[in-house]
Amino acid sequence: MDPLQKRRTHRSRALALIGVAAGVVAALVAVLSALGAAPSQAVGTSDAAAATSPRSVRFGNARVAVRALGPTRTCFTVLRGKSVLRGKSAVARSCVRRLGASEIGYAATATEIGGLAGSDVVAVIVRVRQRGTVWAQLRSGAFFAALPRGRPARAILKVLRDGTRTTFAVRQSR
């Protein structure tokens, strides 16, 4: 192998190694920023979710299990199906911090959406793909909606006690 060809081979390998290293760093930065990021724009601990002991709000064969992690953080898990009793049906989960009376925190999958709602939230309406809406059941500071098959949520509309309505896009849990 002549010196020029060796130099080109080393340069190609060096560039490939630098590319892989840059990809690893980018992936690490993305994961670390995602760990520190909130699951939705509306985050916090609501009056309803501020209970210090774990609780569960049932919606037929589904439920939203809530537990406080310290004074400022509340986590919830959306569970659905017959395996709820075995504790292995976690559909989606999220944590929120200082949820105000007019805010919600949610976790969504392609077939369900659930979460916590502040005391001023009187309705949660889920807009699904291919035109349509599903009204979430709202009970004891938690809400849940089963979505039509093949029609995941695209937006949430929250309705406050004073009639104010706010719509925002849904990001599904992974």
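Reply: A residue counts as buried when its relative accessible area is under 20%, as exposed when it is over 50%, and as partly exposed in between, using a 1.4 Å probe and protein chains only. By that rule, 36% of the 174 residues in the protein chain are buried. The model is predicted, with local features needing pLDDT of at least 70 and side-chain atom pairs counting only at pLDDT 80 or more, while totals for chains, interfaces and linings use all residues. Residues are numbered from 1 along each chain as its sequence is written, and side-chain values use heavy atoms, with hydrogens and water left out.

The chain contains one helix and 12 strands.

Now to the packing. A nonpolar core is a set of buried Ala, Val, Leu, Ile, Met, Phe, Trp, Tyr and Cys residues joined through side-chain atoms within 4.5 Å. The largest such core has 19 residues, and Tyr-106, Ile-113 and Ile-156 touch the most other members. Strands β5, β6, β7, β10 (142-146) and β11 each contribute at least two residues to this core. The largest share, four residues, belongs to β7.

A contact means heavy atoms within 4.5 Å. Leaving out residues up to four places away in sequence, Ile-156 touches Ile-104, Tyr-106, Ile-113, Val-124, Ile-125, Thr-166, Thr-167, Phe-168 and Val-170. Another core, of 14 residues, lies apart from the largest one and includes Ala-92, Val-96, Leu-116 and Phe-144. Over the chain as a whole, 51% of the contacts with a separation of 6 or more are between residues 24 or more positions apart.

Two strands pair if DSSP finds at least two bridges between them. Five bridges join the antiparallel strands β5 and β6, and Ala-107 stands opposite Gly-114 in β6.

A second open sheet has four strands in the order β8-β7-β11-β12, again antiparallel. Here β8 (133-135) and β12 are the edge strands, each pairing on one side only. Neighbouring strands of this sheet are turned against each other by 25 degrees on average, direction ignored. Strands β11 and β12 pair in the antiparallel sense over five bridges, and Ala-155 faces Ala-169 in β12.

A salt bridge is a side-chain nitrogen of Lys or Arg within 4 Å of a carboxyl oxygen of Asp or Glu. The structure holds two. In one, Glu-112 pairs with Arg-80, the closest N and O atoms being 2.7 Å apart. Glu-112 lies in β6 (residues 112-117) and Arg-80 in β3 (residues 73-80), so this bridge ties together parts 32 residues apart in sequence. Glu-112 counts as buried because its relative accessibility is 8%; Arg-80, at 30%, counts as partly exposed.

The other salt bridge joins the side chains of Arg-161 and Asp-120, at 3.7 Å from N to O. Arg-161 sits in the loop between β11 (153-160) and β12 (165-169), and Asp-120 in the loop between β6 and β7 (121-128), 41 residues apart. At 56% relative accessibility Arg-161 is exposed, whereas Asp-120, at 30%, is partly exposed.

A disulfide is a pair of cysteine sulfur atoms within 2.5 Å, and the count comes to one. Cys-75 is joined to Cys-95, with an S to S distance of 1.8 Å. Cys-75 lies in β3 and Cys-95 in β4 (residues 90-97), so the pair ties together parts 20 residues apart in sequence. The torsion about the S-S bond of Cys-75 and Cys-95 is about 95 degrees, so the disulfide is right-handed. Cys-75 is buried, with a relative accessible area of 8%, and Cys-95 is partly exposed, at 22%.

Technical notes
Axes fitted to C-alpha atoms, helices over the stretch in contact; angles between N-to-C directions.
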